[in-house]
Amino acid sequence: MEEFALGDFLVAFGLALVLEGAAWLAAPQSMRRFMLRLAGSSPAVLRFCGLTAAMLGLAVVWIARR
């Protein structure tokens with residue numbers, strides 16, 4: 001198994017912050033409405049969204065590393 005690469009982790013974390021920040025910069029009102037809608041969602045829905053996002057992210061990383 002490969003050694004954990006802190007540099008790669010930090011690049012990925014930084015990119016996630018850039019994308020999150022860009023969404024807030026481009027459409028703050030839409031992001032606020034979206035967050036309020038999420039806050040009213042059930043824990044099951046939030047878990048499903050989290051699982052879906054994690055699986056999609058894992059697939060992207062897997063494809064990028066192939």
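How many salt bridges does a search of the whole structure find?

## One salt bridge

The search turns up one. Aspartate 8 and arginine 65 are the partners, with their side chains meeting at 3.0 Å, N to O. (A salt bridge is a side-chain nitrogen of Lys or Arg within 4 Å of a carboxyl oxygen of Asp or Glu.) The pair ties together distant parts of the chain: aspartate 8 sits in helix α1 and arginine 65 in helix α3 (residues 43-65), 57 residues apart. Helices here are DSSP runs (H or I, at least four residues), numbered from the N terminus.

Aspartate 8 is partly exposed, at 40% relative accessible area, while arginine 65 is exposed, at 60%. (Buried is under 20%, exposed is over 50%, and partly exposed is in between, using a 1.4 Å probe and protein chains only.)

## Where the model comes from

This is a predicted model, where local features need pLDDT of at least 70, side-chain atom pairs count only at pLDDT 80 or more, and totals for chains, interfaces and linings use all residues. Residues are numbered from 1 along each chain as its sequence is written, and side-chain values use heavy atoms, leaving out hydrogens and water.

## A stacked pair of rings

There's one aromatic pair in the structure. The ring centres of phenylalanine 9 and phenylalanine 13 are 6.3 Å apart and their planes are at 10°, so the pair is stacked. (Rings of Phe, Tyr and Trp, its six-membered ring, pair if their centres lie within 6.5 Å; planes under 30 degrees apart count as stacked, over 60 as edge-to-face and the rest as tilted.)

Both phenylalanines lie in helix α1 (residues 6-26), four residues apart, or about one turn of the helix. Phenylalanine 9 is partly exposed at 43% relative accessible area, and phenylalanine 13 is also partly exposed, at 46%.

How values were computed: Helix = DSSP H or I, 4+ residues; strand = E, 2+ residues; numbered from the N terminus.
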